[in-house]
Structures are given as C-alpha cells and as structure tokens.
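Visitor: Could you show me the structure, please? I would like to ask about it as we go along.

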Amino acid sequence: MPFLKILLVEDSPADSRLLWEMLRDSGIKGRFALDPAVTLKEAISQLSSKKFDLVLLDLMLPDSAGLDTFRAVHKACPDVPVVLLTGLSDENLAARAVREGAQDYLVKGQVDPATLVRSMRYAVERHVAERSFRPSPKLSEEGKKLCPDMVGSSDELKEVRSLIETVARTSNTSVLIMGETGTGKELVANSIHFLSSRRYGPFIKLNCSAIPDTLMEAEMFGYEKGAFTDAKQSKKGLFELADGGTIFLDEIGDMDIRLQPKLLQILENRTLRKLGGVSDVKIDVRVIAATNVELAEMVREKRFREDLYYRLNVMVIGLPPLRERKEDIVLLAEHFMDENAPLEGQEGQIRKLTPETAAVLSEYNWPGNIRELKNVIERAMILAGPDEIRPEHLHITGGQEPAPAARPGAPQYSMDMSLEELEKAHIKNVLEKTGGNITHASKVLGISRYTLREKLKKYGLREAENA
Ligand SMILES: Nc1ncnc2c1ncn2[C@@H]1O[C@H](COP(=O)(O)OP(=O)(O)OP(=O)(O)O)[C@@H](O)[C@H]1O
Ligand SMILES: [Mg+2]
C-alpha cells in the first residue's frame, strides 16, 4: 500500500483517537499521515489547500449533518475517495451516500483494524488504479446501480426493508425470497449483498431455469480433470467463484431434484464435492434463493426436497404483488420518471403525472408488477415528450394490451424506433400470429422458450392464458 495522506473529519476526540490507534495497529502502520478536521468548514478549507488520498468522514459534525455533509465534501473534491464513519442510527443515510458516490461506510464501534484498512485500500484502489494493491473484488458501478433505495411507503415494503437490514447484518444466513414476477426479488438479493459485510466479495447470479439440467452440475459445482471425456482440466463452479461473497439462485424451484442434495451439503457443512472429486472443498458463501412458485406445494408433489426446503425456509422475505400495495404505485412511477434522463432541452423541468394518470395507474392490477410499471412509465415518457403524462400515454386498459391500430398482423415498424422497441413490436406481432403459443413463437423467433418468456416479462407482454 502506498503512503496515504488522509483527512480525518471527526468532531469527537474519543472517536478520532480510536481511529488513529486502529490505523497505528493495522497493516499500514507508519505508512500514513493523518490530518484532522473537526468541522465541515475546516475540512473544506483543508481540501482546497492540500492534496489528500482519502477522506474519512463523520456525517454528524457541529456545522453540518447527514447527507449534506457528504455532498459538500464530495463537491469540494470529487476526485478524492470518501469513506464514511457513522453511528448505527445513521447507517441508512450512509448507505444512501454510498449510492451518491461515497466509497464505503463503516459503523463506529463495529470496525476492526482489518476492516478499516480493507475499506480504505478498496476506496483508494479505485482512484489510484496504477498502484500495486492486492487485488480485491470491487463493488462495481453496476452493483451500486442495482442497489438503489427500495422505493415505497407501504407497511409491506417497510417490513421488507427492515428484513433486508436485519439479514444484511448477518453474513451466513441463507435467505429465501418469494414473490411474483417483477416484484423486486433480484433487487432485494442485491441489496442484501451490498449492505452486508460480504459486499467486498463477489455477487454471483445463477438462474436455475436458464441452464439445462445436464450442464447445471458442472456449472454450479465445477469439475476435476478427467471427470468426463471433455474435462481436460479442472474447472471451478459458480459456488467456488462466489467464495467470500454471495450466490443468488434465481428460480430455485427449477433446480433439478438430483442436484438438490449438493446444495443442501453446502448449506449444512459449507463444503462441496466437485464432479469427479475425491475430497470436499471448503466454501464460504451466503446463499440467497428466489422463487415465484410455491415451494411448499412442490414439496408436497415431491418435486422439491423437503429437507432443502426447510433449510431455505428459515429466513423468508415475501414480496407482495404491487396490486396489494397500491400506495406504492404513484411513488414508484415518480421514481422511474426521475430515473429517466431528461430529454434534451428539458433538463431541470419537472415532469408530472396528471391526477387522472395517477388514478389509472392506481386502479390497474399490474400482473407484471414493478417491472411492468417501469416499462409503462418509460414508454409513456417517450410518448408524452415534453408534456405531462396523460392516461392515453400509458397504454394500459384494464390489463389488456390495446389492439393494434392498423391492419392486424401488419408490423408497426418505423425508422425512429429503437432496437428494443423494434424487438418488442416484432415479438408482439409473432405472438399474435401464433395465437400466443410460446413454443411456436419461440421457433419462429429463433430463441429458446425461456429467453422468450424473459423477453415477455421485460416488455410487459403476456403469453396466451392456455398456451
Ligand atoms: N421497491 C422498488 N423500488 C424501485 N425499483 C424497484 C423496486 N422493486 C423492484 N424494482 C425494479 O423493478 C424491476 C424488476 O425487479 P426485479 O428484477 O428485482 O424483479 P424480480 O422479482 O426478480 O422479477 P422476476 O421474477 O421476473 O425475475 C427492476 O428494474 C427493479 O430495479
Ligand atoms: Mg428476477
């Protein structure tokens, strides 16, 4: 680790001292200089007169509190990485600051020297890429994007948020996330990972229905050289690659029942046996599984192992469908409007929903849940242009996609459509032609049924009820 010039912004002498001692006792002993500041004003003035490699920042200062403290510092020196020091009570704020660009946050009283140094190293690493650090898995930009606030004010969503925070404080408990399509299961899994102490480790996602059963075992657990004819050398499976981090098993109900004992072994003994292996490998991962089917029912039908079910069922986060938390609908819609970049020339303008639009959104039953809402809003913003979003921009009519305006079957393509819009329009046309038959449509489109289903979800389209 190179020599570090650190600005410590902290008004409590006791906390400053503790931190200083931790650094002194840590691996970077003698390789850092610490300049103190006790107010925001002092911090800004130091930052404008000297060059620092890192800021350690307490959010609660005599002359500034909360996110504003971070924003002011970040604005003064956007190029210097900031690690926040927070009390337990403002952990939420800190998590938000991380999304606004802070590198990390550490909860006072819960930090040990090793964590402190790891966090600092990671923070600096991003800014001084050319220096030689021990490589550590990074909290990717994408990771941060995937972990925005869970928007919503309903009691159901509050409960979900509090469960996320609770499990994020543990690092090994497995979690089962249940909910209909588009309710935010993946977002929850992401949030747990990035709020937990495993956030420095990898986050690996595996969709159990996307990989054919025959390849699944090798993909998940890896194999030793010679395990089968093509195994010229040994290969790590996704579980091993996720070591130190989190693995997200999406659509766990589709996991082949013959592979389930292997997952159980990981959950129970934290070991796994590679294909063709003779001994067990130790494995340190948190397993988060998600399902949109009733696993209990699958257990009754002997399609899912009961012992695995009970293992996974210890910590369950249930995501209610959007139609059961109507007060979140308008909030989410506004959130998605904020998220969309303003059109050129419209920066700074506030785009609004009319009261009629809000009413239509609230009454609709959202079979595709939040993903569908997001798609509807994105499309409506394009259609509305600079205007307010009115009901006719929504294209939802009590759960049915409106019939095509022109000759049925005639593609509605035009030169100003994006590729995504084209794809959606084409899929829609093919589906209409095939009477909503997924198998047939996927053949015409040259993609797997699974991919087609994913695309239908993505675009908020629906297959025929009895296809
Ligand atoms: N509470 C929320 N606040 C903001 N955005 C949300 C919220 N819940 C979900 N989303 C967004 O809605 C979309 C769908 O969420 P996600 O992919 O997590 O759903 P899912 O339950 O995994 O769906 P599927 O079962 O189809 O895989 C994503 O873009 C996600 O970011
Ligand atoms: Mg998902």
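This is a predicted model: local features need pLDDT of at least 70, side-chain atom pairs count only at pLDDT 80 or more; totals for chains, interfaces and linings use all residues.

Visitor: What is the mean pLDDT of the chain?

Guide: The mean is 82, and 87% of the residues reach 70 or more.

Visitor: Which elements have the lowest and the highest mean pLDDT?

Guide: Helix H6 (residues 141-145) has the lowest, at 37, whereas strand E13 (residues 286-291) has the highest, at 96.

Visitor: Over which residues does pLDDT stay under 50?

Guide: One such stretch is residues 127-147, for which the model has 37 contacts beyond four places in sequence. Another is residues 399-410, where pLDDT is also below 50 and the model has 18 contacts beyond near neighbours in sequence.

Visitor: Now to the ligand. Which residues come nearest to ligand 1?

Guide: Of the 17 residues around ligand 1, the nearest are Val151, Thr181, Gly182, Lys185 and Arg371. By class, this shell has six nonpolar, five polar and six charged residues.

Visitor: Which helices each supply at least two residues of that shell?

Guide: Helix H8 (185-195), helix H14 (327-339) and helix H16 (369-384) do.

Visitor: And why does ligand 1 lie between domain 2 and domain 3?

Guide: It lies between them because domain 2 (155-319) and domain 3 (323-402) both give residues to its shell.

Visitor: What lies 2.6 Å from an oxygen atom of ligand 1?

Guide: A polar side-chain atom of Thr181 does.

Visitor: How much of the accessible area of ligand 1 does the protein cover?

Guide: The protein covers 89% of the 640 Å² that ligand 1 has on its own.

Conventions: Residues are numbered from 1 along each chain as its sequence is written. Chains are lettered from A and ligands numbered from 1 in the order in which they are written. Side-chain values use heavy atoms; hydrogens and water are left out. A residue is near a molecule or strand if one of its heavy atoms lies within 4 Å of it. A polar contact is a pair of N or O atoms within 3.5 Å; within protein, one must be able to donate a hydrogen and the other to accept it, and residues adjacent in sequence count only if both atoms are side-chain atoms. Accessible areas come from the Shrake-Rupley method with a 1.4 Å probe; for residues, only the protein chains shown count as cover. Helices (H or I, at least four residues) and strands (E, at least two) are DSSP runs, numbered from the N terminus. Ala, Val, Leu, Ile, Met, Phe, Trp, Tyr, Cys and Pro count as nonpolar, Asp, Glu, Lys and Arg as charged, and the others, Gly among them, as polar. Domain bounds come from an automatic or database domain assignment. pLDDT is the predictor's confidence in each residue, from 0 to 100. Contact means heavy atoms within 4.5 Å.
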